[in-house]
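Subject: Handover of a structure and notes on it

Dear colleague,

Please find below the structure that I am handing over to you. My notes on it follow directly after.

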Amino acid sequence: MRRQAARAVTSPRRPSCAVWGALAVPLALLFGLGATPARAEGGVRYTTVFEELEGDAPRASSAAELAAIEAMRRAGVVFIDEAQARRIRSVNDAGALVTGQVSPVITPADADVLIAARCRLSPVTSALTSGTAYRYEARLEAKVIDVGTGQVLGAHFAAGQSRLRFSPDQALEEAARDAGQKLAAELLAARPAPDADRVELTVRGLPNVTAGQRVVAGVRAVPGVVSATVLSQNPSLMVVDVRAPGRAAPDLAVALDAARGLGLVATGFSARRVVCDYSAEAAAAFDVVLTPFEARAARAGDGWLATALPEIVGAALENRAFVTLRGGGPRPLPAAPAAWPKALAARGATPKATLVVAGSYTRDNDGGVAVTVRVRAGQGGAVVLTDQLACPDLACVARLGDHLGESLMPALLAKRHLFADAVPAGLAAAPEPPRALSITPPAGRAIFPALYRPDAPGWTATVKNEGAAPVTAVVLRASLSGLTPNPVDQVVGDLAPGEAREVPVRLVLDGGALSRRDRTAAETLTLTVDYRVGELAGRESRSAAVMVFDRSALSWTDPDSVAAFVRPRSDAVQAVARAVAHAAPADADPITLGGALFAALGALDLRYQRDPASPFSAEATNDYLQLPEETLARKSGDCDDLAVLYASLAEALDLPAALLVTPDHVLVAVSTGVPARNRGAPYVIDGERRLLEHDGVAWLPLETTLLGASVADAWDAGAKVVAEKRAALRVVVIRDAWKTAPPTGLDAGATPPALDAARLTERVQRALADFEGERKRAVDAALARVGAGGGPGALLERAVMLVLAGRLDEARALLEKLEGDAAMRRAALNNIGNVELLAGRLAEARGAYDAALKLEPSDARVHLNAAIAAWLAGDEAAFDEHLVGCLTNGGDDLVVALSRAAVGGAAGTRGAAARGPALRGIDGDIARALARRGRPAPTGLRAAPTPSRTRASDARGGRPDALGHQLCWLLR
């Protein structure tokens, strides 16, 4: 993309007596009327900002404004579209405009002429208007303003009056419309004969007369120009009268700046005037063609760099005035340079004035890249310029491209014999004119569509005033090729000479385009800055490459980003989750429910299929994931695809999920809600079964690539991976990761197949029956190992196992026998309290805990149990007391584990089944209790935003082990 109106405005306007008079410009601007709505003949576009007041109270709309616009439209005056007009009204105050305060936000890119008016409406009182009849008068004060210069072109006054009306609203409306029509008539009556086809072109910095003649010939060749006549010329300044019907000055400025080989760099424009600097460098005209870079050494999944690297370099080169990219993205050329001319001509390039960008790269194990770039002559293939750089990231490659751009013209001058007449004579003696503003775009940025959030913190660019004069009304606009249908203006304000400012780059991307994106490539980020220096408006543009990845891409350098693909709200995911919830037991604990979900995936005939084109590797630069809906529709996926689908379904069922990422594999885990300290109890299938300890909670690992196998086999395989890879394992807890990578809003574009709910229910229930049978056998075996005899310690352990097996009466009878043993009394009382609590007898439970604390007041574990009982009973004071007692006696880890184990549903999820620990909501109440007592929260405490109490009746309604595993069991 070429620069548009891109250089400094450093000298004041120089009116010429020989030209179409400067004093006539405002009148020609004001009354240059046309016929086409998009752009009037002569390029003049009007807009209005009216304020209508009834007394001192503003009215919602202005009848005077509507009447004036209607009358002027009938006379042929062209107004900008209403959407743009509303935007201008939103940032301009009519009262301020009437007093001469013009907002810097509106620029000639918006409109050419602004009519600002204030209309005051007041009642006319007389003997005839006694409360049943009304008459109003309107007094309208208006100013006509040249948007390009801010000059007030005229001040006008109009008065209107209504007839006698029986409705005050009718009288108000009629008076305002009368005044608006009279204002329009006054403006139209004063118009001179238009001469809107003429634009005054001032060219500065011409090295000689020959260059001036070449410029005039080039201007005449610009599309739309019918004549160009030199009015005055001296060795450094030339004024040209240009006639271009239908082209306004801003359009002409852009056309002149973009004309290849003309040598003009537009530095500013007003309504009927364009100022350009001559640049011999811009008079050079080279085409640039990109070719893929050769991979000297790369890692799996790095093939995209072959095209991305030349695109990054090409975007930097394109900021040079004499360079135009040709032929689209990187494409190979024939091996023999002799065959290049024909291939280059087919890509729209001029072989004798073409530069070919080629290169190679080496990727190291730390993610860095060493790049070598060669710029070669399109005619013959000779090397013009070579450079290389070892970069830790892609931002470095952009800097390499900038360095090549700065070095390119000297290299071309040294080898001008390779390019015939493409390098104009005298180039070395005519440096590039200075810029009014410099723009430094964000470097090395990348966009992963699944991670895109319009409200996320954006990038920043640096805008600096490089001139000696103040730059005012600076507005930055950013666009990304093909992805920003409506670029957003960012007001920068004024910049003093030498002042630099960091400016947010706001990009509102097209969600549909992101959802359809099926390639990874560099796109051009164009930053355009509109500004004013004195009376002239200017425009500066700067381009940079931004990597935009395939919609399915993510980088494992930030493992949390995978959470964006976990979408529990998806309709397809919700449908499966509801079927699983229906098939599973109503009182299913997290392990049972997690097993039911695994069995359901097998019932859906999903299969694991390794992706040969992009095998999973956490060490790869980027990976490609399917959305859960796509995996359901395709009925297959890689390890990470299946893990993401399982995590989505688990979260839909209100099961906290985590992805377990190893260097070469991904599996999934769900939270059991069991504190890690209790993980060895027979809640699991056998004593050798291992759970993952993370965040104070035990997690159930499952190998989702074993679809169709038993739940126990999937658990075995998952536990084996955890054991073998624990040192390199990264645990991505989905609910935590959603804080920075919430579920993506991309459209999956896939329709999952119809769900056979009956078949799914049958498979799930059969799998769970096998699973529960194995679990019961494991518990019975554990009880058998302990036996009914042995010492007091063995009996205490047996009592706890009986509790976790649901045999509460047997457990209580055994504990009552142990209560008489002085050495075991405190442990027996604590465990009796636990049994009573699980049975729903809160008073008895609290009495047992109190008795245990009398024996040992500093036992943090008993304090925790007593706090749980008080919370279930709704006794806030006792809850606070025992919670602080637990912390005072070193129980920080117990409180944190309780908070984390008893977390309910994640905010923003829509669970298909309301399941979870019996203590849902206690996490938030823990934080509030500590705040009431003025005690700092222990590190890692998780707090819920609102209270959510669960009473004893809720605990009785579920499995006893769901609550039992939150309690502390004393075995000695």
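This is a predicted model: local features need pLDDT of at least 70, side-chain atom pairs count only at pLDDT 80 or more; totals for chains, interfaces and linings use all residues.

Two strands are taken to pair if DSSP finds at least two bridges between them.

Strands β3, β4 and β5

Strand β3, residues 113-123, pairs with β4 in the antiparallel sense over 11 bridges. Within this pairing, L114 has I145 of β4 as its bridge partner. Strand β4 also runs antiparallel to β5 (residues 152-161), and 9 bridges join the two. There, V144 stands opposite G154 in β5. Strand β4 itself spans residues 136-146 and is mostly covered, with 8 of its 11 residues buried.

The open sheet β17-β19-β22

A further group of 3 strands forms an open sheet in the order β17-β19-β22, with antiparallel pairing. Its edge strands are β17 (437-440) and β22 (500-505), each of which pairs on one side only. From one strand to the next, the twist averages 25°. Strand β19, residues 459-465, is joined to β22 by 6 bridges, and these two strands run antiparallel.

As a general matter, nonpolar side chains in soluble globular proteins tend to be buried together. In this model, the largest nonpolar core has 99 residues, and those with the most contacts inside it are V474, L480, Y646, L659 and L760. The element that gives the most to this core is helix α16 (residues 639-652), with 10 residues. A second, separate core has 59 residues, including A782, A827, L829 and I922. Returning to V474, and leaving aside its neighbours within four places in sequence, this residue is in contact with L437, V463, Q490, V491, V492, G493, L495, V529, D530 and Y531.

Cysteines

How many disulfides does a search of the whole structure find? The search finds 0. C276 is buried, with a relative accessible area of 0%. C968 is in no disulfide, and the nearest cysteine sulfur, that of C886, is 7.1 Å away.

Two individual residues

T631 is found in helix α15, which covers residues 628-634. Is T631 buried or exposed? Its relative accessibility is 0%, under the 20% cut-off, and T631 therefore counts as buried. The side chain of T631 makes a polar contact with the side chain of Q626, at 2.8 Å. Leaving aside its neighbours within four places in sequence, T631 is in contact with L606, Q626, S636, D641, L642 and L645.

P58 lies in strand β2 (residues 57-58). P58 has a relative accessible area of 61%, which is over 50%, so this residue is classed as exposed. Beyond its neighbours within four places in sequence, P58 is in contact with E52 and L53. The C-alpha atoms of P58 and C119 are separated by 9.8 Å, although the two residues are 61 residues apart along the chain.

Yours sincerely

Methods
Residues are numbered from 1 along each chain as its sequence is written. Side-chain values use heavy atoms; hydrogens and water are left out. Helices (H or I, at least four residues) and strands (E, at least two) are DSSP runs, numbered from the N terminus. Buried means under 20% relative accessible area, exposed over 50%, partly exposed in between (1.4 Å probe, protein chains only). Contact means heavy atoms within 4.5 Å. A nonpolar core is a set of buried Ala, Val, Leu, Ile, Met, Phe, Trp, Tyr and Cys residues joined through side-chain atoms within 4.5 Å. A polar contact is a pair of N or O atoms within 3.5 Å; within protein, one must be able to donate a hydrogen and the other to accept it, and residues adjacent in sequence count only if both atoms are side-chain atoms. A disulfide is a pair of cysteine sulfur atoms within 2.5 Å. Axes are lines fitted to C-alpha atoms, for helices over the stretch in contact, and angles run from 0 to 180 degrees between N-to-C directions.
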